[in-house]
Amino acid sequence: MTDDVRRRVISLIVEQLNVKEEACVPEAAFIDDLGADSLDIVELVMAMEDEFDMEISDDDLTKIRTIQDVIDYIDKVHR
Amino acid sequence: METAETSQTNALEGKTALVTGGSRGIGRAISLALARAGVFVYINYRSNDAAADDTYRAITQAGFSAALLPFDVADRDQVHTGFKKIIDEKGTIDILINNAGTTRDGMFARVTEEDWRAVVDTNLTGTINCSRSALRSMIRARWGRIITISSIVAEGGNAGQVIYGAAKAGVIGLTKSLAREIGSRNITVNAVSPGFIDTDMTASLPAEYREELIGQIPLGRAGSPEDVAAVVRFLASNDAAYITGQTIRVNGGLYM
């Protein structure tokens, strides 16, 4: 499950943020490491919501900083 | 990124638009103008089926494309459902015209809560609801036009229209901040601010007041809905690719 989620999350990040897959290590932070701006984050969240058929609340959004945070979040929601 | 230089006159061909309050007055003229430019127009309206049918027929009988999409812009659930239908049918929403508006004129000291809520709900909250619902598709497409009809009252003020003026000024503020927020995604956000236009909304004004008002207009006449629609069509086109965050006044010089 987690591996599948990880693969799909990283593929979305590569596409949305136009970054290399190698940069998408678990501890990579979207804004500091991957060069995302706040609108990029919104777009990414919209894409995640579509991909995983869920809604991410703004409250939860503030807790998401790194790629691992996203994977953990999706795992928790889908469990 | 497309610029005015690379645009074609038929550049709106194949685009999809939603015109809120698109069945009557300025909204009807905008629906017709966009349809003639090759846009598929969803004509939104709330309650007047006859007027909506009439606008729909005027477009389709001339060989252009449109559909009716009734919902109340002030109701978030209805807005959501309406936009979902557009995306299901067309894939994208390219052009949003926030035109639905209402007035409940009267002296501010006597305005009831019901009246001011109705005016703010339709003019301001309706614009917020629809702009928000349109955004996802536009951001994804890296192309979009959000055009909101404001009013001369927003900038010039008018006794008896305190709430209306506040709501219409509100959409100018929305236009500017949203333009900054999503400019990087090639979405332009503009307002059009009509002056005294001949519509059902202004037909009820007393004749003397009307004449007095026209006397103050440098171009010496009331505007037509088509005068406003032409500017909206321009702003929707690629000719206006470099215009965003602006309020374009269409008022015959009544307010400068």
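In which hand does α1(B) pass α9(B)? I looked this up first: α1(B) passes α9(B) in a right-handed crossing. I call a crossing right-handed if the near helix is turned clockwise from the far one by less than a right angle, and left-handed if anticlockwise.

**Basis.** I am working on a predicted model, in which local features need pLDDT of at least 70, side-chain atom pairs count only at pLDDT 80 or more, and totals for chains, interfaces and linings use all residues. Residues are numbered from 1 along each chain as its sequence is written, and chains are lettered from A and ligands numbered from 1 in the order in which they are written. Helices (H or I, at least four residues) and strands (E, at least two) are DSSP runs, numbered from the N terminus.

**α1(B) with α9(B).** I noted that the axes of α1(B) and helix α9 (residues 225–236) of chain B come within 8 Å and cross at roughly 50 degrees. Axes here are lines fitted to C-alpha atoms, for helices over the stretch in contact, with angles from 0 to 180 degrees between N-to-C directions. α1(B) is therefore oblique to α9(B). Under 35 degrees counts as roughly parallel, over 145 as roughly antiparallel, 65 to 115 as roughly perpendicular, and the rest as oblique. On the α1(B) side I listed contact residues including G25(B), I30(B) and A33(B), and on the α9(B) side P225(B) and V232(B) are among them. Contact means C-beta atoms, placed from the backbone, within 7 Å. The residues of this contact divide into 11 nonpolar, 1 polar and 3 charged. Ala, Val, Leu, Ile, Met, Phe, Trp, Tyr, Cys and Pro count as nonpolar, Asp, Glu, Lys and Arg as charged, and the others, Gly among them, as polar.

**α1(B) with α2(B).** I then took helix α1 (residues 25–36) and helix α2 (residues 49–61) of chain B, which pack at an angle of about 20 degrees with axes 10 Å apart. They are therefore roughly parallel to each other. This crossing is right-handed. R28(B), S31(B), L32(B) and A35(B) of α1(B) meet T55(B), A58(B) and I59(B) of α2(B). I get 4 nonpolar, 2 polar and 1 charged for the residues of this contact.

**G25(B).** Is G25(B) buried or exposed? G25(B) is buried, because 23 other C-beta atoms lie within 10 Å. The cut-offs are 20 or more for buried, 12 or fewer for exposed, and partly exposed in between, with C-beta atoms placed from the backbone. Leaving aside neighbours within four places in sequence, I find G25(B) in contact with T199(B), D200(B), M201(B) and P225(B).

**Cores.** I looked up nonpolar cores, sets of buried Ala, Val, Leu, Ile, Met, Phe, Trp, Tyr and Cys residues joined through C-beta atoms within 7 Å. The largest has 69 residues, of which L34(B), V41(B) and V232(B) touch the most other members. Helix α6 (residues 162–182) of chain B gives the most to this core, with 8 residues. A second, separate core of 9 residues includes V9(A), I10(A), L44(A) and Y73(A). Not counting residues up to four places away in sequence, V232(B) touches I30(B), A33(B), I97(B), I147(B) and V192(B).

**Positive phi.** Most residues other than glycine have a negative phi. N18(A), not a glycine, has a positive phi of about 55 degrees. N18(A) is in the loop between α1 (2–17) and α2 (38–52) of chain A. I count N18(A) as exposed because it has 11 C-beta neighbours inside 10 Å. N186(B) has a positive phi of about 65 degrees and is not a glycine either. N186(B) lies between α6 and β6 (187–194) of chain B, in the loop.

How values were computed: Two residues are in contact if their C-beta atoms, placed from the backbone, lie within 7 Å.
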